[in-house]
Amino acid sequence: MSAPAQTRIIFKHIDEPGYSNDIECYLRNGGYEVLKKAVTQKPEDLREEVKKSGLRGRGGAGFPCGFKWSLVDRKSGKPIYLIVNADESEPGTFKDRYIMHQDPHQLIEGTMISCFANDVKQAYIYIRGEMPEGARILEKAIAEAKAKNLVGQNILGTGYSCEIFVHRGAGAYICGEETGLIESLEGKRANPRIKPPYFPAVLGLYQCPTIVNNVETLCHVKHIIDIGGEAYTKIGTTNNTGTRIFCVSGHVQRPGYYEFQAGTITMGQLLNEVCGGPLPGRTFKAVIPGGSSAKILRFGERFKGKSRAGVEYDWGVEDVPMDFDSLAMIGTMGGSGGVIVMDDSVNMVEALANINAFYQHESCGQCTPCREGSLWMKKISSRMVHGDARPEDGQLLKSVADQIPGRTICAFGEACSWPTQSFIGKFKDEFDGYSEAKKALPADRRVLV
Amino acid sequence: MNLKPETFQRIDEVITHYPVKRSATLPLLHLIQEDAGFISDEAITWIAEKLELQPINVLEVVTFYPMFRRKPIGRRHIKVCRTLSCALVGGYKTCDTFKAEFGVGLGEVSACGEATVEFVECLASCGTAPVVMIDEVLHEKVDCEKAKQLAAQIRSEAAARK
Amino acid sequence: MIQPAKPDLITVNIDGKEIAVPKGTNVIEASRQAQIDVPHYCYHPKLEIVGNCRMCLIEMGMPAVDPATKAPVMDEATGKQKINWVPRPVIGCGTNVAPGMHIKTTSPMVKDAREGVMEFLLINHPLDCPICDQAGECKLQEQATGYGRGYSRFIEQKNVKPKRTVLGPRVTLDDERCVLCSRCIRFSRDVAGKDVLGFVDRGSYSTLTCHPDHKLDHNYSLNTVDICPVGALTSTDFRFKMRVWFLKQTKSLCTESSVGTNTVVWSREGTIYRITPRRNDEVNDTWMTDSGRVLYKAVAADNRLKSDTALDALVESAAKLLKAGSIAIVSSGRATVEEQFALKKLAAAVGASVSLVSRTGEGDKLLLSADLNPNVRGALVTGLITQLPSAQLTDLAADIDAGKVKTVLTLGEDLTAAGLSAAQLSKVNVIILGTHADATTAAAKVVIPTLTAFEKSGTFVNQQFRIQKFAAAVPGPKGASDDLAVLAKLTAAVGSQTPGATVGTIWNTLAAEVPALATISYANLPETGLLLDATAWQGLTFVEGETLHFKPAVTV
């Protein structure tokens, strides 16, 4: 079966010749019409449409957006804040960057609709510090929208007011975690908060109810309100509605971003047909399907079982549909859509050492298992590559990783341990035999750590 | 605090974005770093006073976020992405090339004062790896050849300035 | 006595035991009430909960109900309501009890989690117990016994961090030992109100420090040492002086002000080494001032009074003066309830007027009140005085000048400091029962050396009218006598009946004669004290402002 064609909704205008990020271009292309329509509706009706759409968060966890909104404490008497999570930093993920750089008004329109739907008077866009240009583009776009009375006081003469400010991070992956982000926005170290009691929907920014949504998620909201929740569910598949943007990087012929109806494309179609297959003379060895924290898949392994709906499956990596549920079924996750491909030139010990260095660098250090575990894993894997590797190091690494997930304040515990657990689970021989094998590895191979 | 008048203006403006002054800590640090090049001890005390905080509150934040520097760097800031997708297609070599071109170790200022090379974590442009940010501009698919070209460009821009 | 209100109780099941605990109790405290220890580092009952150490992970479950009908789901095997266990461990500190909650603190999952955290905490720890001051009271040592591996799997280089950092005048920090629990940061910020501590850098390299311009120099800095679960923060004064397991602990009270902070005095072979706070949720929580911790130094001060003359001879000379009449007694707000009562008896026997010297300062709104006497209210309760004292003995001075007073007996007060001139002192015979040499002892006819609060037992009534007891930590020096014994001898010598020469015996009379103390005895006085009915003194305007657990009565 050949790959389906892309369905570009969010990325409709990305890389389109002649399309620019100024408001005039956006308006020429029907921009802000959905906002104009939305502000004539009741906020609770808009929320209902989003709930009906089945939209799942595109930040990584796939949490249903309508449900997230339904948790917001609307009786507290405190202001409700909305924060756009534009701290795109899961390695392998690079979709929000293009939305913000090339189509910022799409995000602003989606944000304003979401703010209106949730009675939000103040929104912040928390953008990665490493995207200064993105921050400038967004600030300019907000100013343009304000000038057209689409953002700010009494928008479109409706009496509804909402300001948006851009807030820049400064190099901390943990700010992608929503409570870490909130702490950072409050001007503190980005230490994630304990839940309970600090559920953002109740005690978020400044201890007020707060919604934190990913950039792409808010763009989807615009399209849901445009076509209606019911119609949106017709895009994609049941429980995986809408489109999904895949960011493919690593060892493929055509790395890049591709938008498909969710659940309609398999890993094999994506990598072989859409991305042109492996580099010349190479074969695929492994793939991380949802950002570097997702558990790795080894080409050649098979996944057999029964889905929750009772359907039996027997898949190779290539056969796996790229949706949240199928990837969860085979023990990994769709995450943020960042697909990292490794071919047979890669030594898995060295690739893991690279990943471990990342997570060690990004651990906030607040809670013990992640703080100490991530550094220990980094030290072991770096020593294996640069110093003496012992046959027992793989098992030690795995055992350290096993002591982390499920025991930390935030999901970083999982993010930093899943790579080690899965790499060693699936490439055990490579770890056990690394001390010998590394003598035979080509000296001019790519350095990964 | 010795800053440009417009920096002071922007500082006062950005504080109004937040109902709680402390939230302006990161924005102020960015603005001061953009103006002064780095975050001095004086800046930490100044921000604390400006935002009615204790100096330790600001020091904690400055040291948590790697983008804030406590020391001056070279005129051009070269940040090479270290993380997996870039490493898989040669990010380490790209970094080594920049280090060699300017004769520096990571984080150091080159003898000419022109460049500081840093190896940073994921810049979120994995599809065009290896990527490098020079000051605020992202450069894509920077292999060794392109790294050498970029280094040459930096040098010629420096020469033109003199 | 005033009884606290009964809280709402919730029944929970901990390791199979049903226990009723107040609503709002967390799992650590609920378990404590069931005599089950849930190990922890970052949790402290008096600090904000942050849940960062992850040592208190437990298994938690709730009774299952049918989502639709809300009817209980029964477990057929046991006949009891089914329990839905959370598949991953949760933190005990951050989990408040709920009706029917089930908790496991000893399951394999819990044990595994604790062992994991212990191993992680030790990999970068220097393991320098032989040269660590915390040895013997270190939570890492303690819990490594229960949850340690017994050997290390860590063969990498340990992190290197600053050592022997001077955080302030009284606190020394070893960052390599720090487990980053943040107790000290939260205490300093939230309790002491001085936000001076913080972490710099990130991840495992996070380092506790203060800003160079704002040291940890507030008057509560040593509480950070008390609550540090490991050997990171140590007392510069106590460092390397003594191994804690050699020290005897005596329950005492801080005499610094009328707050009545509960303390523990740590001593060995008659020498005091340190004072730490003792928990009393109604008075000082778990805190005390730094300034209160050094008061013990008075015990071995150079100007400490001792006498080679036998006590009986001293008493005889004093009695001779007392019998001659025209006596004024200057009592003290530092004296114990028992001493004040005994002094009242002596005053009655010799027909003396009684005054008290007030001693005030600026309160800090926390654990240092404006009244620097620990027991002015004791003097009111015992009826020794009926009005609040003043700082200057102006009436007494006038009486001396008028020749109405021939002998002044004082319980340790320096009369010159209280406004009597050298000339006035020279006009009278001074008898002083005191501990340290000063201008008054130099001018006195009879000096009877007595004991400091560390060397005797007794009770004080604090600003809340809470009567609290303390016990002798160390014996008094040779040549000094117990104040009560001295007062008893003096009373007997002037021909009156003594109310008792020891704390134990005097309480029979105290309870019988003082209405506010009617049902109390020294022996049955609870460790956290008893609140007395203070309505009799409502009309007085006390000097204290608000402190941690005290609000002054509103004066109309």
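Me: Which residues of H2(B) are buried?

Reply: The model is a predicted one. A residue counts as buried if 20 or more other C-beta atoms lie within 10 Å of its own. In H2(B), the residues that are buried are Thr25(B), Leu26(B), Pro27(B), Leu28(B), Leu29(B), His30(B), Leu31(B) and Ile32(B).

Me: What covers the buried residues of H2(B), and which elements of chain A are included?

Reply: Part of the cover comes from chain B itself, including helix H1 (5-15), helix H3 (41-50) and H4. Chain A also takes part, and the elements included from it are strand S3 (163-168) and helix H8 (178-185).

Me: How far does helix H2 of chain B reach from its first C-alpha to its last?

Reply: Helix H2 covers residues 25-36 of chain B, which is 12 residues. At 1.5 Å a residue, the expected value is 16 Å. The helix is close to that expectation, with a reach of 16 Å.

Me: Which residue just after H2(B) takes a positive phi?

Reply: The position in question follows directly on H2(B), and its phi is about 90°. The residue is Gly37(B).

Me: Which helix of chain B gives the largest share of the side that touches chain C?

Reply: The contact takes 9 residues from chain B and 12 residues from chain C. On the chain B side, 7 residues come from one helix, residues 55-64, and this is the largest share. By class, that side has 4 nonpolar, 4 polar and 1 charged residues. The helix asked for is H4 of chain B.

Me: Which residues cover the two faces of strand S19 of chain C, and which residue is the bridge partner of Gly434(C)?

Reply: Strand S19 (residues 446-449) of chain C has both faces covered, with Val446(C) and Ile448(C) buried on one side and Val447(C) and Pro449(C) buried on the other. Strand S18 (residues 429-434) pairs with S19(C) in the parallel sense over 4 bridges. In S19(C), the bridge partner of Gly434(C) is Pro449(C).

Definitions and conventions. Residues are numbered from 1 along each chain as its sequence is written. Chains are lettered from A and ligands numbered from 1 in the order in which they are written. This is a predicted model: local features need pLDDT of at least 70, side-chain atom pairs count only at pLDDT 80 or more; totals for chains, interfaces and linings use all residues. Two residues are in contact if their C-beta atoms, placed from the backbone, lie within 7 Å. Ala, Val, Leu, Ile, Met, Phe, Trp, Tyr, Cys and Pro count as nonpolar, Asp, Glu, Lys and Arg as charged, and the others, Gly among them, as polar. A residue is buried if 20 or more other C-beta atoms lie within 10 Å of its own, exposed if 12 or fewer, and partly exposed in between; C-beta atoms are placed from the backbone. Two strands pair if DSSP finds at least two bridges between them. The expected span of a helix is 1.5 Å times one less than its number of residues.
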